[in-house]
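Biologist: Thanks for sitting down with me over this one. Could you walk me through the fold, piece by piece?

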Amino acid sequence: MHTISRQQFLQHTAMAGIAWLVSSIEGFALTRPGKKIRVGIIGCGSVSGQYLPHLSKSPHVELVSVCDIIYERAKQRATEYNIPNHYPHIDQMLAGPAFDLVVTLTDMQEHGRLNKQALQAGRHVWSEKPLANTYREGKELLELAKNKQLPLWGAPAVVDSPQFGF
């Protein structure tokens, strides 16, 4: 059996997630002729460094906002990718300029809460890592998305993560 490092694993799965996200956005954009999907990113750490280069180059994406609890990271990513809005808190991002899709790239423990907040605010949600931390929380998110008629996507391959398995 060939083993890989945690860093290699995260890079490979992030690339799979990015490819899936970009193709999902393209399909979603086809339902909205002539319009780009306006995107807000929450979480500007290392994983955003995998997503932002691809999203910024997509002809179907307009990067509207970034958010991180370490505000300097949000400001840095906004400058790096010419994103007009940056925030230290999701409440401020959701109250700011309109966007269609939240891409959640934060610590796993926050995903359920942040994804719920985004869905309640009427945003489509793409969540890296797991959608939620428990089966019950995930089921509630799926019901909320269904009731609001909003797409909710989860990144692929995370269930293979050694950290997730632990």
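Modeller: Happy to! Helices here are DSSP runs of H or I with at least four residues, and strands are E runs of at least two, numbered from the N terminus. Please keep in mind that this is a predicted model.

Biologist: With that in hand, how many helices and strands does the protein chain have?

Modeller: Read along the sequence, the chain follows the pattern α-β-α-β-α-β-α-β-α-β-α-β-α. Contacts between residues 24 or more positions apart account for 62% of those with a separation of 6 or more. The secondary structure comes to seven helices and six strands.

Biologist: Which residues touch the most other members of the largest nonpolar core?

Modeller: That core holds 21 residues. Strand 1 (37–42), helix 2 (48–57), strand 2 (61–67), helix 3 (71–80) and strand 4 (101–104) each give two or more residues to it. A second, separate core of 20 residues includes V64, V102, L114 and A118. In the largest core, the residues you want are V39, I41, L63 and V103.

Biologist: Let me pick L63. Which residues does L63 touch, not counting those up to four places away in sequence?

Modeller: Contact here means heavy atoms within 4.5 Å. With the sequence neighbours up to four places away set aside, the list for L63 is V39, I41, L52, L55, S56, I83 and P84.

Biologist: Now helix 5. Why is helix 5 described as largely enclosed by the rest of the structure?

Modeller: What covers its buried residues includes strand 1, helix 4 (90–95), strand 4, strand 5, helix 6 and strand 6. The buried residues themselves are H111, G112, L114, N115, Q117, A118 and L119. Helix 5 is largely enclosed because its buried residues number seven of the 10.

Biologist: What is the handedness of the crossover from strand 4 through helix 5 to strand 5?

Modeller: Strand 4 and strand 5 pair in the parallel sense over four bridges, and L101 stands opposite H124 in strand 5. Between these strands, the chain passes through helix 5. This β-α-β crossover is right-handed.

Biologist: In strand 5, which residues point the other way from H124 and W126?

Modeller: In a regular strand the side chains alternate between the two faces of the sheet. Strand 5 (residues 124–127) has H124 and W126 pointing one way, and all four residues are buried. Pointing the other way are V125 and S127.

Biologist: And which residue in strand 6 is the bridge partner of W126?

Modeller: Strand 5 and strand 6 run parallel and are joined by three bridges. Together with helix 6, these strands make a right-handed β-α-β unit. The bridge partner of W126 is W153.

Biologist: That leaves helix 6. Which of its residues are exposed, on the side opposite the buried ones?

Modeller: G138, L141, L144 and A145 are buried in helix 6. They cover an arc of only 120° around the axis, which puts them on the same side of the helix. The buried residues pack against helix 5 (111–120) and strand 6 (152–154). On the other side, the exposed residues are Y135, R136, K146 and N147.

Biologist: One last thing: how far does helix 6 reach from its first C-alpha to its last?

Modeller: Helix 6 (residues 135–148) has 14 residues, and 20 Å is expected at 1.5 Å a residue. Just after the helix, Q149 takes a positive phi of about 55°.

Note on methods. Residues are numbered from 1 along each chain as its sequence is written. This is a predicted model: local features need pLDDT of at least 70, side-chain atom pairs count only at pLDDT 80 or more; totals for chains, interfaces and linings use all residues. Side-chain values use heavy atoms; hydrogens and water are left out. The expected span of a helix is 1.5 Å times one less than its number of residues. Buried means under 20% relative accessible area, exposed over 50%, partly exposed in between (1.4 Å probe, protein chains only). The arc is that of the directions from the helix axis to the C-beta atoms. A nonpolar core is a set of buried Ala, Val, Leu, Ile, Met, Phe, Trp, Tyr and Cys residues joined through side-chain atoms within 4.5 Å. Two strands pair if DSSP finds at least two bridges between them. A crossover is right-handed if, with the strands pointing away from the viewer, the path from the first strand over the helix to the second runs clockwise.
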